[in-house]
Amino acid sequence: MTALERHYRMLLIAYPRTYRAAHGDEIIDVLLASAGPTRSVPAVREALGLIIGGIRSRIAHLATGSAWADGVHLAVTAVSAANLAALLPYAGVLPWWTLLSALAMLAVLRGRPRAAFALTALTGVKAVAVAGGWALFDLTLVPVAPTFLTGDFLFERGGPFTVALGYAVVLLGLLALVWRGGPPRARSWWWWPVVPALAWAGPAWMPTGTPYALSLSRVAVEVAVFALAVMAAYLARDLRWALASGIYLLVASGELGSHAEFLTRQHVAYWGVLVLLTLGAVIVPYRPRRHCLD
Amino acid sequence: MPRGTSEVSEPMYFVLAALRGGPLHGHAISKSIQELSGGRVRPSVGTLYGILERLNERGVIAVDREETVNGRNRRYFRITDTGQALVEAEARRMYEVASLILRPTST
């Protein structure tokens with residue numbers, strides 16, 4: 001295998017695995033035949049063409065099946081990641097509950113709604129109890145101090161309502177998926193790196209001492225994921241990403257609403273960006289068609 | 001069948017024009033597009049295969065046959081009756097638009 005072919009094969013990772021297996025060699029053949037004899041690195045336009053083509057192909061692959069069920073599953077995945085992120089910095093104090101929360105997210109990612117429901121219900125009841133200061137299952141001394149990623153105590157400013165909202169949305173979504181029947185699709189492993197990014201309290205963005213400070217890493221990850229949803233909705237002309245964004249926005253709005261007395265202009269700007277991106281995901285599927293493949 | 005508008009993008013038009021001469025594989029389509037457009041239209045391979053897959057999904061082109069060359073699979077695409085009608089309609093539309101400017105004016 002030449003260096004050029006190796007580079008092209010790396011770029012082909014942008015395409016879904018099934019597409020690569022079926023047509024990857026064929027595309028490599030055309031790329032090598034089109035390249036000059038002295039070329040050892042891909043031309044920029046070919047590299048961009050493969051990356052954009054791969055993303056389009058992945059989005060087209062994702063925009064299949066029931067839009068509402070897939071949108072609900074996507075939202076459940078995102079909110080489960082946020083629920084796990086809330087516990088992750090306290091893994092040293094609450095190892096088993098953090099592990100249960102991680103298993104709940106794993107079950108969601110692998111498309112096992114029944115197992116995910118049981119694990120989420122168990123973790124959720126404990127999390128709400130800790131947030132409310134009630135003793136349940138095992139003895140947990142509150143406030144729970146962090147082990148890493150943040151300096152805040154667990155649910156320091158979030159009451160049981162805020163915590164319950166996140167878990168209730170996941171449980172209702174999972175119930176809907178169980179009621180519909182048929183396993184949801186397995187989700188990407190790329191959801192795992194989202195969890196520490198949501199949990200991390202840095203880099204500092206809001207002035208020191210701001211009550212209920214949002215971290216820049218959390219804001220950046222959420223805005224990036226919402227922007228990807230708009231791009232997918234634009235390319236696939238499908239509302240599943242709008243539904244997922246809307247459900248996550250509901251949870252984020254509930255959390256902000258429960259901290260109404262601490263909100264600053266930066267909080268409102270963050271919320272406004274999420275609202276705009278959600279509206280974008282709703283509107284872009286209805287854009288005018290430019291040609292018959294658009 | 002194509003959905004919504006029946007207009008054809010330029011790279012798509014040249015793909016269909018290339019396939020009017022008979023079934024071709026990816027590299028031959030790419031070369032034919034460059035020849036037909038005088039080197040003006042040169043879609044990247046990723047873009048070309050995106051167009052081919054979507055045209056194939058919509059029934060505008062179809063896989064004619066598959067061959068194995070040097071151990072690698074190679075699909076030959078052909079234009080369907082739907083594709084033929086689509087590209088001819090687009091050619092007529094462009095001709096009518098062009099004739100507004102290019103036909104001799106009566107004085």
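In chain A of this predicted model, the C-alpha centres of domain 1 and domain 2 lie 35 Å apart. The bounds behind that figure are residues 3-61 for domain 1 of chain A and residues 63-286 for domain 2 of chain A.

How many residues bring these two domains of chain A into contact? Four residues of domain 1 of chain A are in contact with five residues of domain 2 of chain A. If we sort the contacting side of domain 1 of chain A by class, we find two nonpolar residues, one polar residue and one charged residue.

Let me turn to chain B. Chain B has 107 residues, of which 31% count as buried. Its secondary structure consists of four helices and three strands. Reading from the N terminus, the order of elements in chain B is α-β-α-α-β-β-α. The C-alpha trace of chain B spans about 65 × 30 × 20 Å along its principal axes.

What share of the contacts in chain B with a separation of 6 or more joins residues 24 or more positions apart? For chain B that share is 49%.

There is also a record to mention for chain B. An unreviewed UniProt entry carries the annotation "domain: Transcription regulator PadR N-terminal", and this annotation covers residues 15-87 of chain B. Over that annotated stretch, residues 15-87 of chain B, the chain is 49% helix and 26% strand.

Definitions and conventions. Residues are numbered from 1 along each chain as its sequence is written. Chains are lettered from A and ligands numbered from 1 in the order in which they are written. This is a predicted model: local features need pLDDT of at least 70, side-chain atom pairs count only at pLDDT 80 or more; totals for chains, interfaces and linings use all residues. Helices (H or I, at least four residues) and strands (E, at least two) are DSSP runs, numbered from the N terminus. A residue is buried if 20 or more other C-beta atoms lie within 10 Å of its own, exposed if 12 or fewer, and partly exposed in between; C-beta atoms are placed from the backbone. Two residues are in contact if their C-beta atoms, placed from the backbone, lie within 7 Å. UniProt positions are given in the numbering used here, feature names are shortened, and annotations may be inferred rather than shown by experiment. Domain bounds come from an automatic or database domain assignment. Ala, Val, Leu, Ile, Met, Phe, Trp, Tyr, Cys and Pro count as nonpolar, Asp, Glu, Lys and Arg as charged, and the others, Gly among them, as polar.
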